[in-house]
There are 2 protein chains.
Amino acid sequence: MRARRANSREKILAAAADVAREAGPGSLSLEAVASRAGVSKGGLLYNFPTKAKLMQGLVESYLSDFQEALEARAAEAGHESALSAYIKLSADDCERPKPSASWMFSAIAEDPDFLTPIKAFKRQLLERLKGETDDLGSLLICFLAIEGLRSMNLFDSDVLSAEEHKLLVSSLLKIAG
Amino acid sequence: MRARRANSREKILAAAADVAREAGPGSLSLEAVASRAGVSKGGLLYNFPTKAKLMQGLVESYLSDFQEALEARAAEAGHESALSAYIKLSADDCERPKPSASWMFSAIAEDPDFLTPIKAFKRQLLERLKGETDDLGSLLICFLAIEGLRSMNLFDSDVLSAEEHKLLVSSLLKIAG
DNA sequence: TTGACAAGACCGTCCAGCCGGTACAGTAAG
DNA sequence: CTTACTGTACCGGCTGGACGGTCTTGTCAA
């Protein structure tokens, strides 16, 4: 059955993210991922013929998940601005203690170009937000601050306390209007 | 001679940063660094007995350079706030097209704990800034936005145009007061 | 002569990718 | 129903190469 098989891909992707998070981005080997996903190395290589393809799969699923979450946010409270939705979504994402995207470091080590789609996505997102915001300065500040938040989460940095996190988000939302 | 020796360490450190930037963080091998530094592998391992020591050296020199630059900034225009000095310094750092710190990705791959001193440094910096600023919300926004700027530079992201960069910095300086 | 330092051949380990299998579902001819 | 064939999904041992680190040998200043 097609459904059962396709499932395997997602399991592998999730396993890769888990391995990178728990064992460190430098330990993301095909064997580790396969073992974590409950699949043999051959099976892994069947689904992703090359490590590069696996990385690409991670990027794509990351991006589609992100977009989906963003649209869901924007839809559920359709009255707020897109910028506010983005801020809240990112704040929630970063509230989880888990970095959840350490695999990005593995991808960069493999080839920095793997992040190109992510950059493009962000550029596009900023462009969209520009169309809905009048004050460019405020928009840039919010966008960059969120970028900073995501960066700290990615690096598993605990520079900000929970209260500071909340204060930051509410300040950003105020600026976003 | 001590001068000759110490010189070699710096050359190696610089070479490591160059290799990571140009060949990608995944290609930072001892051989590549040695070759780039004009030193044999034996010579490299004499100065840094292990790859981990090399990474540690990179972190330490990065941190000391940063602190030095920060103090220089604060001294040369002693009247502005420490936050403004930090913003300007970071803006200048990030204006250079070169990422210049891609080695961080190699360090993370080697062992995520290598970044611990950097996190501690930032925590300490934020703490110092808190002591000199009255509005915590504004401080957090500026700090995080700068973090975002550094992150984009690190990832070699060109999401912001030069004008946007300038606008962002001036907006931040306005908030910083 | 000696000792700090550099050179590069060498070794053990790790890992991506390859390849020859296995299991099984569907299909179709007898 | 049965047997033979085909394609999909998956398995795991193997290998060739890269890389970190060691070791022996050389060099040069003091």
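Buried means under 20% relative accessible area, exposed means over 50%, and partly exposed lies in between (1.4 Å probe, protein chains only). The model is predicted, so local features need pLDDT of at least 70, side-chain atom pairs count only at pLDDT 80 or more, and totals for chains, interfaces and linings use all residues. Residues are numbered from 1 along each chain as its sequence is written, chains are lettered from A in the order in which they are written, and side-chain values use heavy atoms, without hydrogens and water.

Start with charge. Side chains of opposite charge can pair when their charged atoms come close. A salt bridge here is a side-chain nitrogen of Lys or Arg within 4 Å of a carboxyl oxygen of Asp or Glu. Over all chains, the count is 24 salt bridges.

Take chain B. Lys130(B) pairs with Glu127(B), with the closest N and O atoms 3.4 Å apart. Both sit in helix α7 (residues 116–132), 3 residues apart, so about one helical turn separates them. Helices are DSSP runs (H or I, at least four residues), numbered from the N terminus. Glu127(B) is partly exposed at 46%. Lys130(B) is partly exposed too, at 24%.

Now chain A. Glu31(A) and Lys41(A) form a salt bridge at 3.1 Å between the closest N and O atoms. Glu31(A) lies in helix α2 (residues 30–37) and Lys41(A) in helix α3 (residues 41–47), so the pair ties together parts 10 residues apart in sequence.

Asp92(A) meets Arg73(A) at 2.3 Å, N to O. This pair links helix α5 (residues 82–95) with helix α4 (residues 51–76).

Finally, a network of salt bridges links Asp18(A), Arg21(A), Glu22(A) and Arg36(A).

Technical notes. Helices (H or I, at least four residues) and strands (E, at least two) are DSSP runs, numbered from the N terminus.
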